Amino acid sequence: MEIDRRLDEFAARQYGVVSRAQARSVGMTDEMLQRRVDSGRLIRLVAGVYAYASAPPKWERQVAAAVLNRPRAIVAGRSAASLHSFEGVTRSKPEILVPARSTGRSPLARLIRDVHFDQIATTRVAGFQVTTIAETIWTMSSRLPLPRLERLVDSQLAARRIVVGDFDAILDRIDGERRPGGPKLRSVLADRRLDSYQPATTELEAHLYPLLDRPEIPPYTRQCPIQLDEGVDAVLDAFIGFWGMIVEADGRRWHTRRADFERDRLRDNAALAMGLIVVRFTYRMLVDDPAYCIQTLLKAGQSRLVATGVQ
């Protein structure tokens, strides 16, 4: 009949799920809806949400049901990350974003409440209204350790799926608020802006060379010119000849590191082909954890001596 056909159209767009409100909108009464449940054609998932028995119980069906179960909802968090194909994100209980004043819990989903619900940017993915990639990263930021958040942002920037400016509206929106994840996200983005801080060579030297001047480190050459291979010339920050080790301090801006990535890999591979090893330290490593840098150099140097048979 016509009513069923029109309801089928909703279900076809929603992974086999429909709501009572949608059923009523096509002229189906509550009694007619109940008869279809009693006959086994429909399955009641939760109050006011039904699934066609013929629809596979896929993860997408659960997400669709979770969204339909709330008056206003957007797919967010890990569920949005999965729909955006973020690497390493597994599908689990649906996560949806709702207004801050939305009451109650959902038996189908984890709710993320936000006072700025109406300002959140969304897009359409696989038929769902989903937070944009930048908004998805923001909703996940409070739960991610800093290294994982950095890798996530870097992977999306490198794939050119976002630019740092995509986060500007988010940062403006939460300015002055004590929101979990806010300081962490600001820190990650600050390092990746085109105008981000770039320490001068002299400042890098002020942190790198005092480490190498320690008595346990063999003599080294500063700013050592070398021809690694035909057509691969370089000036090394430091070269420790006894260990056959190149030491580099990376103070370049993030976008410059991206631009020079292949050149650096070419240099590293050429050094490896000559039997040399390369140790790279970031500015933050040198400033925040010099003990780590020293231990890394000593362990790498000892391993180098063992590998070459030098005692």
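I call a residue buried when its relative accessible area is under 20%, exposed when that area is over 50%, and partly exposed in between, using a 1.4 Å probe and protein chains only. With that settled, here are my notes.

**Ground rules**

This is a predicted model, in which local features need pLDDT of at least 70 and side-chain atom pairs count only at pLDDT 80 or more, while totals for chains, interfaces and linings use all residues. Residues are numbered from 1 along each chain as its sequence is written, and side-chain values use heavy atoms, with hydrogens and water left out.

**Entry 1: Ser-19**

I started with Ser-19, which is buried at a relative accessible area of 6%. I found this serine in strand E1; strands (E, at least two residues) and helices (H or I, at least four) are DSSP runs, numbered from the N terminus. For contact I used heavy atoms within 4.5 Å. Setting aside neighbours within four places in sequence, I listed Gly-48, Val-49 and Leu-68 as the contacts of Ser-19.

Next I looked at helix H4 (residues 59–68), where 7 of the 10 residues are buried, so I noted H4 as mostly covered. The buried ones are Trp-59, Glu-60, Arg-61, Val-63, Ala-64, Ala-65 and Ala-66.

For helix H6 I counted 9 of 9 residues buried, so H6 is largely enclosed by the rest of the structure. Among them are Glu-135, Trp-138 and Met-140. What covers H6? I wrote down a cover that includes H5, strand E6 (110–114), E8, H7, helix H8 (168–173) and H9.

**Entry 2: H6 against H7**

I then checked how H6 (residues 133–141) sits against helix H7 (residues 146–158): their axes come within 11 Å and cross at roughly 175°. Axes here are lines fitted to C-alpha atoms, for helices over the stretch in contact, and angles run from 0 to 180 degrees between N-to-C directions. H6 and H7 are therefore roughly antiparallel. My cut-offs for that word: under 35 degrees is roughly parallel, over 145 roughly antiparallel, 65 to 115 roughly perpendicular, and the rest oblique.

From H6 the contact uses Ile-133, Ile-137 and Ser-141, and from H7 it uses Leu-149, Leu-152, Val-153 and Gln-156. I took Ala, Val, Leu, Ile, Met, Phe, Trp, Tyr, Cys and Pro as nonpolar, Asp, Glu, Lys and Arg as charged, and the others, Gly among them, as polar. A reminder to myself: an α-helix has 3.6 residues a turn, so residues three or four places apart point the same way.

**Entry 3: H7 against H9**

H7 also meets helix H9 (residues 182–190), with axes that come within 10 Å and cross at roughly 50°. That angle makes H7 oblique to H9. I looked up the residues too: Leu-146, Leu-149, Glu-150 and Val-153 of H7 meet Lys-184, Leu-185, Val-188 and Leu-189 of H9. The contact of H7 with H9 has 6 nonpolar, no polar and 2 charged residues.

**Entry 4: aromatic pairs**

How many aromatic pairs are there in the whole structure? My search found 2. Rings of Phe, Tyr and Trp (its six-membered ring) pair if their centres lie within 6.5 Å; planes under 30 degrees apart are stacked, over 60 edge-to-face, and the rest tilted.

Tyr-15 and Phe-128 are stacked, at 5.3 Å centre to centre and 10° between the planes. Tyr-15 lies in the loop between helix H1 (2–13) and strand E1 (17–19) and Phe-128 in strand E8 (residues 128–131), so this pair ties together parts 113 residues apart in sequence. Tyr-15 is partly exposed at 28% relative accessible area, whereas Phe-128 is buried at 6%.

Tyr-209 and Tyr-220 are stacked as well, at 6.1 Å centre to centre with 15° between the planes. I placed Tyr-209 in helix H10 (residues 201–212) and Tyr-220 in the loop between H10 and strand E9 (221–229), so the pair ties together parts 11 residues apart in sequence. Both Tyr-209 and Tyr-220 are buried.

**Entry 5: loop residues**

Most residues other than glycine have a negative phi. Tyr-15 has a positive phi, near 55°, and Ser-85 has a positive one near 65°. Ser-85 is in the loop between H5 and E5 and is exposed, with a relative accessible area of 58%.

Glu-87 belongs to the loop between helix H5 (77–83) and strand E5 (95–99), and is exposed at 79%. Its C-alpha atom is separated by 8.2 Å from that of Leu-152, 65 residues apart along the chain.
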